[in-house]
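Subject: Handover of a structure and summary of findings

Dear colleague,

Please find below the structure that I am handing over to you. I would be grateful if you could look through it before reading the notes that accompany it.

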Amino acid sequence: MAASYDDIYARSLSDPEAFWAEAAEDIHWERRWDRVLDDSRAPFYRWFPGAVTNTCYNSLDRHVEGGRADQLALIYDSPITGVIERFTYRELLDRVSRVAGVLAEAGVGKGDRVLVYMPMAPEAVIAMLACARLGAVHSVVFGGFAASELAVRIDDATPKVVLSASCGIEPNRIVEYKPLLDEAIEIATHKPDRCVILQRPQAEAEMVAGRDLNWADAEASAEPAPCTWVEATDPLYILYTSGTTGQPKGIVRDNGGHLVALNWSMRNIYGVEPGEVYWAASDVGWVVGHSYIVYGPLIHGNTTVLFEGKPVGTPDAAVYWRVIAEHDVKVLFTAPTAFRAIKQQDPNGDLIRPEQIAGLRTLFLAGERADPDTVQWAEDRLGVPVIDHWWQTETGWSICANPAGIELMPVKHGSPTKPVPGWDVRVLDEATNEVAPGEIGALVARLPLPPGSFPTLWQAEERYREAYLEEFPGYYKTGDAGYIDEDGYVYVMTRTDDVINVAGHRLSTGQMEEVLAAHPDVAECAVVGVADELKGQAPLGLLVLNAGVEREQGAIEGEAVRLVREQIGPVASFKTAIVVGRLPKTRSGKILRGTVQKIADSEAYTVPPTIDDPAILPEIAEALRSAGYAGG
Ligand code: COA
Ligand code: AMP
């Protein structure tokens, strides 16, 4: 009889070293580890120290050598450009080796950083794997960020080379990446030696002589590069994510633990066998794209789908079903917001043709809270298990899930089910005591975290300790609050910091406030995440103007919206700023953002006992009502 979730989970916690050593047998190691887990520097832990491997070798070469050379590795399906391209493992290996050769010729070697600023073209996947091949550290930046955000990442990662493209394509416009990249390099203190630019037919990028290379030419003339063996504990990538300030956190992923965890997750969590088609409808700029468009499926010998389009509008709300049918997708992973978008346009699911989704086995959702209505809609329309699972850029794979490959447990809407093997999840109060079932507190995980989760922040070990390990000694603070019910189901309710989740994209309201505060007419401001039917949450800015400012308020509000778009990027979806007379604060001067959010969302709230002047709340409610918010 197959082992149950309870058995496997218990074993993962009682003897993690034996558990993960067994999982590691499925990976190629050029040299085996000295120890499975190094706890000598607790609370900093390292998995598989002493082992030597290569992530690209495990994702491509190993499969080519092992009989999958002619199996499809990557299907690029781009309804936005009308292109579908298929790559076998052999073809993908060939292209990756050549691009690794381009990087090597540009002086990139083990440990050097390479910034990848790419649309959802196959070259984005090739770029990441080419870095991994050389033991170089990639840092992928999502295309929806503005030049200044890109500049911050260039200065932090100090890349030798940037891999980019002439443009990305959004349904309503061509986004020219190259001018954004040029501007970012101009702003940044650090200057990369080379930029390798993929010229896409939709826009021609102007090249900077002496610095920029044409991707196609460089690849055509490059010598294929072999794999460079690296330590399991060497970094594979840095992925920046929103923190509480404008300075993003550089999440570091290592090679060995990541290989083991992702490979294990493909069968045990997603329930797929090598050779099957797996589709994560996300973007390579996010952690979901890193783990489950690129690395997880390829490490495990699956065929992965790279989709350049949107759930609606490219061309319609039936595109997901077309892709599933055309490529025989067995498992789909996306964000709830994608399903809300589809549901909005096709409420009865009339566009879902049963024969198109007959092969689909499971739908996985993550990136934001999966609202029960959306989960129910998907269950009813697709007739397959819909699995909400909870994870973060930091963790790299899921903390809680219903592990389809082990045992499907009964679903409780609103809960991502139970902790995944390796994750000892607890709920603590402020005094670091565990709370009773059903009581809300901080969601934490007991150290050590399992393989695959981040060992540190890029060149910021102290920030790692302060942000994640200090408040609850012996635990990792997830930054989420929630509870665990009597049956052990985990509920993730809200963030405990100023991170909001907009269309599954993680953003910092603190960072938006920093941008707004720089407007010359703004004295102070507050940004809150208000409920949004499509995107889950949307940012809303309240502005208090400097005394004596007499300019038209509407003009200032418009400038504020533009500033956030220019400084952070369109991905922030910052569409509304409202001028108010004053902001509600505590007597010690802390802005009551939670109360503002509740008023905007018409949620019940109690007037905080620490409020300085309760008379401000009706004023705020009135301002929000006039701007179209419910207003309490
Ligand atoms: N490059 C440049 N701009 C981008 C971009 C990219 N890669 N991705 C998004 N943007 C822009 C969009 O064009 C939009 O600009 P606009 O304000 O001019 O319209 C803005 O950033 C906000 O994008 P988004 O929040 O994605 O909203 P949307 O209205 O374009 O699409 C959804 C809404 C729900 C269809 C879309 O978010 C979606 O498909 N989400 C599900 C999948 C997913 O991305 N999951 C992420 C984590 S798993
Ligand atoms: P990111 O780092 O962008 O993946 O965002 C991580 C954050 O998204 C988490 O800390 C949660 O706040 C939220 N999140 C992700 N998945 C879920 C989920 N299944 N349920 C509730 N919140 C989620």
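This is a predicted model: local features need pLDDT of at least 70, side-chain atom pairs count only at pLDDT 80 or more; totals for chains, interfaces and linings use all residues.

Ligand 1

The shell around ligand 1 consists of 27 residues, and the closest of them are Glu170, Pro311, Lys535, Arg565 and Lys575. By class, 12 of the shell residues are nonpolar, 9 are polar and 6 are charged. Domain 1 (5-309 + 389-482) and domain 2 (503-626) each contribute at least three residues to this shell. Among the secondary-structure elements, β10 (173-176) and α12 (336-345) each provide at least two residues of the shell.

Several polar contacts can be located individually. Glu170, one of the closest residues, has a side-chain N or O atom 2.5 Å from an oxygen atom of ligand 1. Lys310 places a polar side-chain atom 3.4 Å from an oxygen atom of the ligand. Gly144 takes part through its backbone, with an N or O atom 3.4 Å from a nitrogen atom of ligand 1. Taken alone, ligand 1 exposes 930 Å², of which the protein buries 86%.

Ligand 2

Ligand 2 is surrounded by 15 residues; Asp388, Thr393, Asp480, Arg495 and Arg506 are the closest. This shell comprises 4 nonpolar, 5 polar and 6 charged residues.

Arg495, one of the closest residues, has a polar side-chain atom 2.7 Å from an oxygen atom of ligand 2. In the side chain of Gln392, an N or O atom lies 2.9 Å from an oxygen atom of the ligand. The contact from Glu368 comes from the backbone, where an N or O atom is 3.5 Å from a nitrogen atom of ligand 2. On its own, ligand 2 has 490 Å² of accessible area, and the protein covers 93% of this.

The four-stranded sheet

An open sheet is formed by 4 strands in the order β23-β24-β25-β26, with antiparallel pairing. Its edges are β23 (425-428) and β26 (490-495), each of which pairs on one side only. From one strand to the next, the twist averages 50°.

Within this sheet, β24 (residues 441-446) and β25 (residues 475-484) run antiparallel and are joined by 5 bridges. One residue pair to look for is Gly441 and its bridge partner Gly482 in β25.

Yours sincerely

Key. Residues are numbered from 1 along each chain as its sequence is written. Chains are lettered from A and ligands numbered from 1 in the order in which they are written. Side-chain values use heavy atoms; hydrogens and water are left out. A residue is near a molecule or strand if one of its heavy atoms lies within 4 Å of it. A polar contact is a pair of N or O atoms within 3.5 Å; within protein, one must be able to donate a hydrogen and the other to accept it, and residues adjacent in sequence count only if both atoms are side-chain atoms. Accessible areas come from the Shrake-Rupley method with a 1.4 Å probe; for residues, only the protein chains shown count as cover. Ala, Val, Leu, Ile, Met, Phe, Trp, Tyr, Cys and Pro count as nonpolar, Asp, Glu, Lys and Arg as charged, and the others, Gly among them, as polar. Domain bounds come from an automatic or database domain assignment. Two strands pair if DSSP finds at least two bridges between them. Axes are lines fitted to C-alpha atoms, for helices over the stretch in contact, and angles run from 0 to 180 degrees between N-to-C directions.
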